[in-house]
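Hello,

Here is the structure we spoke about passing on. My notes on its charged side chains follow below.

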Amino acid sequence: MSGSWPVSKYLTVRCTDEDGVVTLTAVGEVDLESAGVLGHAIEQGVGLRPAELVVDIAGVSFLDASGAGVLIDGRRRARDRGIRYRVCGATRVAKRVLDVLGVHTVLAEG
């Protein structure tokens with residue numbers, strides 16, 4: 001993945017690509033200020049056209065509705081291109097937000 005990445009002092013996203021599976025590993029806080037960083041990473045991951053795109057949020061200590069929105073939008077983008085998409089590793093805090101929004105199971109199942 002190349003190009004200009006938005007930056008945030010609150011969130012980093014690392015990308016690995018192995019055997020057709022792109023994994024984005026997010027660490028930090030995903031809120032209104034940093035959601036664009038995750039959104040850009042997901043967009044870039046979808047652009048690689050892997051068989052599967054996994055967003056690992058085990059390192060996310062805070063997730064608000066804007067961050068959840070980015071994860072939901074990522075699913076739509078991936079599905080539109082025939083890419084399997086799932087979110088894994090939700091911490092208790094992140095899982096709570098995704099559960100309240102009614103999307104945790106959908107995002108986790110791919």
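Salt bridges

D73 forms a salt bridge with R76, with 2.7 Å between the closest N and O atoms; the term means a side-chain nitrogen of Lys or Arg within 4 Å of a carboxyl oxygen of Asp or Glu. The model is predicted: local features need pLDDT of at least 70, side-chain atom pairs count only at pLDDT 80 or more, and totals for chains, interfaces and linings use all residues. Residues are numbered from 1 along each chain as its sequence is written, and side-chain values use heavy atoms, leaving out hydrogens and water.

D73 and R76 lie 3 residues apart in helix 2 (residues 65-80), so about one helical turn separates them. Helices (H or I, at least four residues) and strands (E, at least two) are DSSP runs, numbered from the N terminus. D73 is partly exposed at 27% relative accessible area, and R76 is partly exposed at 43%. Here buried means under 20% relative accessible area, exposed over 50%, and partly exposed in between (1.4 Å probe, protein chains only).

D73 also pairs with R77, the closest N and O atoms being 2.8 Å apart. These two are 4 residues apart in helix 2, again about one helical turn. R77 is partly exposed, at 27%. A network of salt bridges links E43, D73, R76, R77 and D80.

Another salt bridge joins E52 and R84 (2.8 Å, N to O). This pair links distant parts of the chain, 32 residues apart: E52 is in strand 3 (residues 52-63) and R84 in strand 4 (residues 84-88). E52 is buried at 11%, whereas R84 is partly exposed at 41%.

The count by this rule is 7 salt bridges.

Regards
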